[in-house]
Amino acid sequence: MTEERRAKVERERLLVAEQNARERLEESFALLDTFLNHAPVGLAFVNRELRYLRINDALASLHGRNRNEELGHTVREMNPTMAPTLEPLMRQVMESGQSLSDLEMSGYVPSTPHELRHWRVSYYPVRTLSGGIVGLGAVVVELTHEHRAQEERERLLKEAQEAISVRDDFLSIAAHELKTPLTPLKLHLQMMKQQAAEGHVPKPHHVDKALAQVTRLSTLVHDLLDATRIEAGRLELHRKPVELQSLAREVLAEARPLGTQHTLEYEETAEPLIVLGDRGRLAQVLMNLLENAFKYSPTGGIVRLMVEREGGEARVSVRDSGIGIPEDQREHLFQRFFRARNAPISGFGGLGLGLYICRDIVERHGGHIGVDTEVGQGSTFRFTLPLEPPSSRDTG
């Protein structure tokens, strides 16, 4: 009886010990799960078969699932895109027993298959009391926001550097362009002063040359003022019905003295093309395009102005046979201060504002401006404007 009683007591003691051990194990798992599921980073335990034994929602969400859906599945099943990168590293940790810390990784995951993500990943071997490795622990820290912030900082820095470079280039060009007409202007004024002091009437060609330089300076200053008004949103338009053919003929007549070394051609449609616009500003656009065609075309080259109808719009184009514009520079043509790199300052003046101003004027009229060009084959600048409906013309 004594032996049986002792055996019974021992069984009860073992049962209690087992129950206590189970409770402590459950408490340990509960603590582990609480830690895993509330951690701000991705955490997981993976066995030697690379199956998830424990994983938190932060890491499971990368796969577009919750932690319960991940348990028992392999890394490849849950993240097939990144598995070829992750599996060799995990096996290396379990075979060598050496941790891999702070690995920078980038890739795509099932939750965002088209978005490049970035992480810092660490793998640690998990050992038993006897020293055997049964798996590994993974710590995954999301770095995507930091990468984007860094990319944004780099983009802003690059834009700032480009803006500074553009500003410096502009100041250099502006100083050159503003200084260039001053020298001959001063020379012609001195000569006229000398002629007047000697009792002679100033020679007409000195007067004409001086006035031409004043006009050049005035154009540069007006371009600067227009660019400033555009940036401030204060470029005003005074809209009235404008017949484009008559406007084109007027501008062409004014431009002919500037293009004496070129062959000018003009073509227009017979149907009157009426637009609602600012006559002076539209003339400014046409004159700028013609002057550019003269500057960038070889002596004797053909400059052709055309006014046509295209559906419900009028299309005005200026074609030259000049140097053309390299493909990598075409998208910048209508930006402030831009000058094509194949146009040397010594041969082609200007502040790089003309096309920028033209684009703003055309777009304020509801139109569009563009260019077809090929290096060595010339360029065709064209802009379209919406036509006034006949009914509104009659009413006006």
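## Strand S1 and its partners

In this predicted model, Phe45 has Gly137 in S5 as its bridge partner. Strands here are DSSP runs (E, at least two residues), while helices are runs of H or I with at least four residues, both numbered from the N terminus. S1 and strand S5 (residues 133-142) run antiparallel and are joined by six bridges. Two strands count as paired if DSSP finds at least two bridges between them.

Phe45 also has a counterpart in S2, where it stands opposite Arg54. Moving along, Val46 faces Tyr52 in S2. Strand S1 (residues 42-47) pairs with S2 over three bridges, again in the antiparallel sense. The two strands make a hairpin with four residues between them, and Leu50 in the turn has a positive phi of about 65 degrees. S1 is largely enclosed by the rest of the structure, because five of its six residues are buried (under 20% relative accessible area, with a 1.4 Å probe and protein chains only).

## The whole sheet

Now for the sheet around S1. Five strands form an open sheet in the order S2-S1-S5-S4-S3, with antiparallel pairing. Strand S2 (52-55) and strand S3 (100-109) are the edge strands, each pairing on one side only. On average, neighbouring strands of this sheet are turned by 25 degrees against each other, direction ignored.

## Where H8 meets H11

Helix H8 (residues 204-232) packs against helix H11 (residues 354-364) at an angle of about 50 degrees, and their axes lie 10 Å apart. The axes are lines fitted to C-alpha atoms over the stretch in contact, with angles from 0 to 180 degrees between N-to-C directions. The crossing of H8 past H11 is left-handed (the near helix is turned anticlockwise from the far one by less than a right angle).

From H8, Asp223, Asp226, Ala227, Ile230 and Glu231 meet Tyr356, Ile357, Asp360 and Arg364 of H11, with contact meaning heavy atoms within 4.5 Å. The residues of this contact divide into four nonpolar, no polar and five charged; Asp, Glu, Lys and Arg count as charged, Ala, Val, Leu, Ile, Met, Phe, Trp, Tyr, Cys and Pro as nonpolar, and the others as polar.

## Reading the model

Residues are numbered from 1 along each chain as its sequence is written, and side-chain values use heavy atoms, leaving out hydrogens and water. Because the model is predicted, local features need pLDDT of at least 70 and side-chain atom pairs count only at pLDDT 80 or more, whereas totals for chains, interfaces and linings use all residues.

Notes: Buried means under 20% relative accessible area, exposed over 50%, partly exposed in between (1.4 Å probe, protein chains only).
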